[in-house]
Amino acid sequence: MPSFSDHECLAILTAEPREQAVAEQALATLHDRYSRFLRLRLLRSYPGLRDADLDELCQETWLRVWKHLDCRIRAEAFRSWLFRIGNHLAIDLFRRPRNQRETSWGERDALESRANHVDMIADAEQLQRCVEKMPARLREFVHRLLNLEDDDQIAADMEKKKSRIYQIKSEVKEMLLNCMERGHEAVSA
Amino acid sequence: MRLLALDIPDDPELLAGWLEGHLMGTDLQELVAELSVLKRPAEGAAAILPQVLADKADDLLLLGLRSLSRAQLRQLLQQPRLLLELQELVFERGGEYWISVPMNLEAAEHSKKSWQRLQESIRNKQDDSATVPRTAAFRTWLWAGTGWLAAMAAGVALFFVRVDQMHQLEKQLAQQASEIASLNKDLLAQRSVAPADLPEWDGQVINATSDPIDLPDDDPIDLPERN
């Protein structure tokens, strides 16, 4: 497949009449480049979106690009335009009555594996409680690790071997995960 | 249950790549939430993204996080909210490097499926639009045909109206001819019963010169002048 620049893709897609096969290639190029950006941006703006709704939104946004690409859109502004379309469609989706949505937000949402926004906040709160319970020296160890301090220096200050530092890191992670799970169990009990 | 922040690579060389993966992944918010809890409590005023990136902003958009110093990466981890701002910046202005950051399996699968669905929709739409010209042509032909038929029908109707008018005129003529014939008959009949001893008449009924009574006697008298 020939590699088009954004500018060429837009020129092909706004040509009148356009050649179907080449136009498809141009759209595939744009999709390949920016579909991930669009998806992530929508997910960031609307963390409550379910996968199926997100798929629908992205699909509809790209169809708009295919059908209504404005010839005045400059290549540099294409991404902003794409995100704006996605954003408008997301707002439309939220305004639409639930029974008119293509996907229902029913029980199966609860089965989705991806942690949703609320779960994420709950996890962060639980993590906070677990960190507070942790011994101060381990808390300081984590602080230094995330402060990107030199491993050799940390090992020397803790009077441990460098290889032990990596083990400690792994143990701290395990401890925190166990604590969070117990916390969640305690909450659900 | 997972803890992304403590998966931070032991090798400093891998740090930029690890962070880029999260910037281009679906779990950045999760990482930001964890880092906010696990980092050292903030001291001093929080920096804003342009301050942290300083003169490396353009390099970062072109070359990725490898263009940042360790101190700059540290600032990003210590103020994790900046990672969200950085993600936005990359979405808006990130160059080819960011587009080519490897996707995780889930993202790659999403992208593939999304394109397949999109291609299918486009081709279905194309099929629909291919039938539109045929329908339009048929409709045009139908309209044209209907127009001709209507014109012909109007012509035929006009012809019959004219023929009917001619028939009515012929009828009127025939009626008038028969009336004239009957009047002629009456006239002839009346002539045949007229008296035969009426005096013959030749000459004038009134002759002014031979009948002076009809003339004025004299000129009228002039009326007196008015003073």
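Of the 227 residues of chain B, 28% count as buried, where buried means under 20% relative accessible area, exposed means over 50% and partly exposed lies in between (1.4 Å probe, protein chains only). The model is a predicted one, in which local features need pLDDT of at least 70 and side-chain atom pairs count only at pLDDT 80 or more, while totals for chains, interfaces and linings use all residues. Residues are numbered from 1 along each chain as its sequence is written, chains are lettered from A and ligands numbered from 1 in the order in which they are written, and side-chain values use heavy atoms, with hydrogens and water left out.

Chain B has eight helices and zero strands, helices (H or I, at least four residues) and strands (E, at least two) being DSSP runs numbered from the N terminus. Its elements accordingly read α-α-α-α-α-α-α-α from the N terminus on. Among contacts in chain B (heavy atoms within 4.5 Å) between residues at least 6 apart in sequence, 70% join residues at least 24 apart.

The contact between the chains takes 56 residues from chain B and 51 residues from chain A. The size of an interface is often given as the accessible area lost when the parts come together. Here the area buried between chain B and chain A, that is, the accessible area (1.4 Å probe) that two parts lose on being put together, summed over both, is about 5200 Å², and carbon and sulfur atoms give 60% of this area. On the side of chain B, the residues that lose the most area to chain A are B:Met1, B:Leu6 and B:Phe91, which together account for 15% of what that side buries. Nine salt bridges are counted between chain B and chain A, each defined by a side-chain nitrogen of Lys or Arg within 4 Å of a carboxyl oxygen of Asp or Glu. A:Glu149 forms a salt bridge with B:Arg40, with the closest N and O atoms 3.3 Å apart.

Over all chains, the structure holds nine aromatic pairs, for which rings of Phe, Tyr and Trp (its six-membered ring) must have centres within 6.5 Å, planes under 30 degrees apart counting as stacked, over 60 as edge-to-face and the rest as tilted. A:Tyr46 and A:Phe94 form a tilted pair, 5.4 Å centre to centre and with 45° between the planes. This pair links distant parts of the chain, 48 residues apart, since A:Tyr46 lies in the loop between helix 2 (20-45) and helix 3 (51-68) of chain A and A:Phe94 in helix 4 (residues 78-95) of chain A. A:Tyr46 counts as buried at 16% relative accessibility, whereas A:Phe94, at 34%, counts as partly exposed. Ring pairs also link A:Tyr34, A:Phe37, A:Trp62, A:Phe78, A:Trp81, A:Phe83 and B:Phe91 into a cluster.

Most residues other than glycine have a negative phi, and most peptide bonds are trans. A cis peptide bond, with omega about 0°, joins A:Glu16 and A:Pro17, and A:Pro17 is placed in the loop between helix 1 (6-14) and helix 2 of chain A. A:Leu148, although not a glycine, has a positive phi of about 55°; this residue is in the loop between helix 6 (136-146) and helix 7 of chain A and counts as buried at 5% relative accessibility.

In helix 7 (residues 151-158) of chain A, the buried residues are A:Asp151, A:Ile154 and A:Ala155. Seen down the helix axis, these residues fall within an arc of 100°, so they line one face of the helix, the arc being that of the directions from the helix axis to the C-beta atoms. Helix 7 of chain A is followed by A:Glu159, whose phi is positive, and A:Glu159 counts as exposed at 72% relative accessibility.
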